Amino acid sequence: MLSRKALDIAPSPTLSIDAKAKRMKKEGKDIIGFGAGEPDFNTSAHIKEAAIKAINENFTRYTPASGIPELKEAIISKLFKDNGLKYGPEQIVISNGAKHSLDNVLAALLNEGDEVIIPAPYWVSYPELVKLNGGIPVIVETKQEYNYKLKGPELEKNLSPRTKALILNSPANPTGQVYTRNELEVIASLAVRNNFYIISDEVYEKLVYDGQEHISVASMGEDIQNLTIIVNGVSKTYAMTGWRIGYTASEPRLATVMASIQSHTASNPNSIAQKAAYAAISGPQDCVEEMRQTFEKRRNYMLNKIKDIPLINCIEPKGAFYLFLNIGQAFDKKFRNIPVENANKFTTLLLEHYLVALVPGDAFGAPEYVRVSYATSMENISTGLERLESFLKELV
Ligand SMILES: *Cc1c(COP(=O)(O)O)cnc(C)c1O
């Protein structure tokens, strides 16, 4: 008999439509994929060179479990420069990706039955990671009309004596919403007053648009900094998803516990990738701004097109690289006599008949939605949206 905890975990559903799209592509079908959860750019040359140099210099052995000192220093400088936050090296734990960091945080914080508040729509892995670490995900719905922001009263209503933490993700995957200073102040003061942690997933911090500013909730004051665990990494900012480097910044005791857990589960993050991440974080940042501008252009193009397409709508995302489309109006329609019914049916019909791959919203706790990634070329975006429009115009 397998572990009950493990059996309770849903396999990543974002991957199943992706697998189908890939299969169809292999069969020679001209699929437009809007499923990408990673930048469609290559890692910059100076970062790759740092890794090659590390290999040639035989930087290929175990490193300290929580990461090499020079990368910690680079992260500390970044947190000060970009987020106005002071940390010491004993507060930084470098891991094999932000996802791994989230797992470290939850393993260090949770006792069996502890509750973790997760605003929906959420990133697919949050509830599963909480469950794997013995916690209970408490899903709190947010509203499209409030740009999916978690409001104070809703948060307060869901607090209990077992509330251990809140997972906050700004800029957010899948909605693209970005919390403002005022909104964060409300949440921070509730956390301080009720003494729960905020796990702040900031992996999209550099991908913000319309002049919007990314603010870390940890920067709202000393009390909240002590209760916040910043989770970040190089995957999204530097187009380094395959390198697997993430990190946390937290109060020192928690960092020590996470480092100890990691020393047993993973030993250390990849030595070569740490050198590459050092080059990324401490080197020139123009590759980041170039990527951001490209994403912003694509976003603007898509928003402009989508407002004229029937049966769908979305908020104007201020960050990340997704549009989260409300497709609820299509559910009582039919496509060539087949009822559309739900997001899974919608995405399957669209893929099979119009060769466009979108991710159904169920996995994000939002069954009336689909996620459209704009981490793909302008040409694909343009063709894909034309096909989506033709599909929707066929619905009766
Ligand atoms: C991509 C992503 C991550 C994981 O990043 P890695 O560093 O590649 O593990 C974490 N959180 C969100 C919201 C993401 O979209």
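Mentor: Let's start with a word we will need: a residue is buried when its relative accessible area is under 20%. Keep in mind that this is a predicted model.

Trainee: Thanks! Are Phe-335 and Tyr-354 buried or exposed?

Mentor: Phe-335 and Tyr-354 are both buried.

Trainee: And how buried is Ser-200, in terms of relative accessible area?

Mentor: Ser-200 has a relative accessible area of 5%, so Ser-200 counts as buried. This residue belongs to strand β6, residues 197-201. Leaving out residues up to four places away in sequence, Ser-200 touches several others, including Leu-168, Val-217 and Ile-230.

Trainee: How many aromatic pairs does a search of the whole structure find?

Mentor: The search gives 15 aromatic pairs. One of them joins Phe-324 and Tyr-369, which are stacked, with 4.8 Å centre to centre and 0° between the planes. Phe-324 is in strand β9 and Tyr-369 in strand β14, so this pair links parts of the chain 45 residues apart. Both of these residues are buried.

Trainee: What describes a pair of aromatic rings?

Mentor: A ring pair is described by the distance of the centres and the angle of the planes. Phe-335 and Tyr-354 give an edge-to-face example, at 6.5 Å centre to centre and 70° between the planes. Phe-335 sits in strand β10 and Tyr-354 in helix α13, so their pair ties together parts 19 residues apart in sequence.

Trainee: Which ring does Lys-275 lie over?

Mentor: Lys-275 lies over the face of Phe-59, at 4.4 Å from the ring centre. Likewise, Lys-149 lies over the face of Tyr-179, at 5.7 Å from the ring centre.

Definitions and conventions. Residues numbered from 1 in each chain as written. Predicted model: local features only at pLDDT ≥ 70, side-chain atom pairs only at ≥ 80, totals over all residues. Heavy atoms only, no water. Helix = DSSP H or I, 4+ residues; strand = E, 2+ residues; numbered from the N terminus. Buried < 20%, exposed > 50% of the residue type's maximum accessible area, 1.4 Å probe, protein only. Contact = heavy atoms within 4.5 Å. Phe/Tyr/Trp six-rings, centres within 6.5 Å; stacked < 30°, edge-to-face > 60°. Lys NZ or Arg CZ within 6 Å of the ring centre and 35° of its normal.
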